[in-house]
Every structure is written in structure tokens, then in C-alpha cells.
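This report covers aromatic and ring contacts. Have the model open while reading.

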Amino acid sequence: VQKEYIKLLTTHNEFDVRTAVQRKLRQWHALLMRPTGGVYFVPLQHADEADRYARFLRAIESEMWSIKVSRGVEETAMVEQKLEEHAKDVQEKANELEETAKGMTDETKQKAVRQQIADQLEELAKMQDSYQGLLGD
């Protein structure tokens, strides 16, 4: 067990890498373009960093590609639609969590669920702000 523990202290497996990339995607306010995952739109201000991550992942024989998207009418409309869908999903999940919180008798757990809702809505607001320059109002 100790040998495995020591090995794991200096080794990252595919789950670790995937978790790190997903964390970065959230920080970049990446917008999921396919419901099954794998394709994200990243705002231009994070493009250079996304390129560096993509090169690094390919260097370690993983896969990530960063492709520039033109700012055409269709592309902008697609991003806007996906952002609206994302906002609707977040709001629906927040509503579901609020219903769960209402049914709780433990005030500490109820408070934790409500904090989770607030955090999710705050992240949504940040994401929407980061897309404002691209999408306008």
C-alpha cells in the first residue's frame, strides 16, 4: 500500500488530468456546445491559455484541440443559443435544489443547499458577463 501511495503522490492518472481540464474550462467560462460533452466554446480572452493546454495535452499523448471560430452571424447565434440553454439548465437545477431545501428539516443542510444555489447562480452571472462583449446585451 505504501509503495502505491508514494507512486500516486508523483503520478497523475487520466481522471486527474480530466478533472484539471474541467476545472480550467469552468474558469474560462467555457460553454458546452454538445450535450454529451467534448466540444466547448471558450471566450477569446482565454484562447491563448486554451492553446497552451491543448499543446500540453497532445504532448502527453492525450487529446485536446483549440480551433478559432469566426465571429459570423451564425456562429454568434449558435453561442447565444447555447448560453441561453445553459442559463435555463442552471436555473432549473437551482429551482430543483430550492424545492429540496424547502423539504429539509436540518437547518445546516438547508443553508448548505441554498449556498450551493447561490454559488451556481453567481457562476452563471460571471459566465454571462464574460460573453457580453461577444453577444452584446
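Is phenylalanine 41 buried or exposed? Phenylalanine 41 is buried, at a relative accessible area of 14%. Buried means under 20% relative accessible area, exposed over 50%, and partly exposed in between (1.4 Å probe, protein chains only).

## Basis

This is a predicted model: local features need pLDDT of at least 70, side-chain atom pairs count only at pLDDT 80 or more, and totals for chains, interfaces and linings use all residues. Residues are numbered from 1 along each chain as its sequence is written, and side-chain values use heavy atoms, with hydrogens and water left out.

## Aromatic pairs

Rings of Phe, Tyr and Trp (its six-membered ring) pair if their centres lie within 6.5 Å; planes under 30 degrees apart are stacked, over 60 edge-to-face, the rest tilted. The count is two aromatic pairs.

Tryptophan 28 and tyrosine 53 are edge-to-face, because their planes stand at 90 degrees, with centres 5.4 Å apart. Tryptophan 28 is buried at 2%. Tyrosine 53 is partly exposed at 27%.

Phenylalanine 41 and tyrosine 131 form a tilted pair, 5.9 Å centre to centre with 40 degrees between the planes. Tyrosine 131 is buried at 1%.

## Histidine 29

Histidine 29 is buried, with 14% relative accessibility. Beyond neighbours within four places in sequence, its contacts (heavy atoms within 4.5 Å) include Phe41 and Tyr131.

## Charge over a ring

The charged end of arginine 58 sits over the ring of tryptophan 65, 4.1 Å from its centre. The rule: NZ of Lys or CZ of Arg within 6 Å of the ring centre and within 35 degrees of the ring normal.
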